[in-house]
Amino acid sequence: MRVTISGGVHGNELTGIYLVRKLRHDTPLTHNINLDFLLANPKAIEACRRYIDKDLNRSFSTHALERDSHLYEEERAKVIANRLRGCDFLIDMHSTTANMGITLVLSTQDKRSENLAKILASEYEDVRILQWFGSEEGDFINTLVPSSVTIEVGPVCQGVLEPEIFWRTYKVLRRAIEVLDKDEWTSDPHLAYRIEGYEDFPRKNGKLWGMIHPELKGRDYGQLHPGDPIFLTLDEEEIFYHGDPCVPVFINEAAYYEKKIAFCKAKPVEI
Ligand SMILES: [Zn+2]
């Protein structure tokens with residue numbers, strides 16, 4: 001089985017970039033899997049920016065992969081699609097400014113991906129599973145491979161290598177490699193969260209006119225009920241939540257301001 005570990009799909013998420021550099025330099029001995037390492041967006045890594053022309057992790061739709069493009073990331077997506085041909089399992093490393101701990105994001109309902117996530121989540125207290133079946137903006141890198149787990153760790157500032165989170169994630173990643181190498185399986189069900197919607201910031205004439213309410217800040221994976229405060233506008237007006245009860249995640253993620261997402265709304269599910 002060929003396993004690829006990628007970092008730097010987003011060039012300012014240093015945890016994943018340096019985990020790939022560490023593992024390249026200090027590769028664990030494996031018996032049944034071949035490890036391959038990928039720094040996905042070299043120009044953005046060099047510039048320490050999320051991307052140069054567009055979000056690479058929304059550039060993997062068949063349509064984007066087939067058309068000629070002058071956008072750096074769309075050209076890079078084609079190179080990566082070739083590189084990942086024959087890859088059986090992708091572990092894609094990201095970081096988030098939200099208080100997400102170590103979140104294993106599953107973007108398909110594939111058994112091998114779910115199995116790895118369940119084993120890791122059952123062994124580490126700070127590891128959670130989040131299902132996110134795609135974005136309207138375009139396809140994730142995961143759509144190129146049969147099985148994958150995206151690891152999102154936070155809170156980490158963009159452009160910062162945060163030591164505690166780095167080594168916690170390294171430990172989980174080493175264990176992930178071991179699980180795949182030994183082909184360990186579990187039949188135990190596990191709690192996961194499934195993203196089902198998004199909430200945008202308050203706006204005035206299309207421009208941002210408020211922020212996450214102090215009471216919601218940092219409360220990722222908490223419970224959000226109708227009537228709970230979610231935003232505070234620049235007029236000092238509190239805005240309260242109206243939807244169905246949910247579990248908010250990616251609260252105040254820096255990279256999602258441009259996507260008009262203040263937080264994502266998830267529901268607990270058993271997988
Ligand atoms: Zn990212």
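## Crossing of helix 1 and helix 6

In this predicted model, helix 1 and helix 6 cross in a right-handed sense. Helix 1 covers residues 14-25 and helix 6 covers residues 163-182. Their axes come within 11 Å and cross at roughly 55°. That angle makes helix 1 oblique to helix 6, because angles under 35 degrees count as roughly parallel and those from 65 to 115 as roughly perpendicular.

## Residues between helix 1 and helix 6

On the helix 1 side, the contact is formed by Thr-15, Tyr-18, Leu-19, Lys-22 and Leu-23. On the helix 6 side, these residues meet Phe-166, Trp-167, Thr-169, Tyr-170, Leu-173, Arg-174 and Ile-177. Sorted by class, the contact of helix 1 with helix 6 holds eight nonpolar, two polar and two charged residues.

## Crossing of helix 5 and helix 6

Helix 6 also packs with helix 5, which spans residues 111-123. The angle here is about 135°, and the axes are 10 Å apart. Helix 5 is therefore oblique to helix 6, since an angle has to be over 145 degrees to count as roughly antiparallel. The crossing of helix 5 with helix 6 is right-handed.

## Residues between helix 5 and helix 6

Helix 5 contributes Leu-116, Ile-119, Leu-120 and Glu-123 to this contact. Their partners in helix 6 are Val-172, Arg-175, Ala-176, Val-179 and Leu-180. The residues of the contact of helix 5 with helix 6 comprise seven nonpolar and two charged, with no polar ones.

Methods
Residues numbered from 1 in each chain as written. Predicted model: local features only at pLDDT ≥ 70, side-chain atom pairs only at ≥ 80, totals over all residues. Heavy atoms only, no water. Axes fitted to C-alpha atoms, helices over the stretch in contact; angles between N-to-C directions. Helix = DSSP H or I, 4+ residues; strand = E, 2+ residues; numbered from the N terminus. Left-handed = near helix turned anticlockwise from the far one by under 90°. Contact = heavy atoms within 4.5 Å. Nonpolar A, V, L, I, M, F, W, Y, C, P; charged D, E, K, R; others polar.
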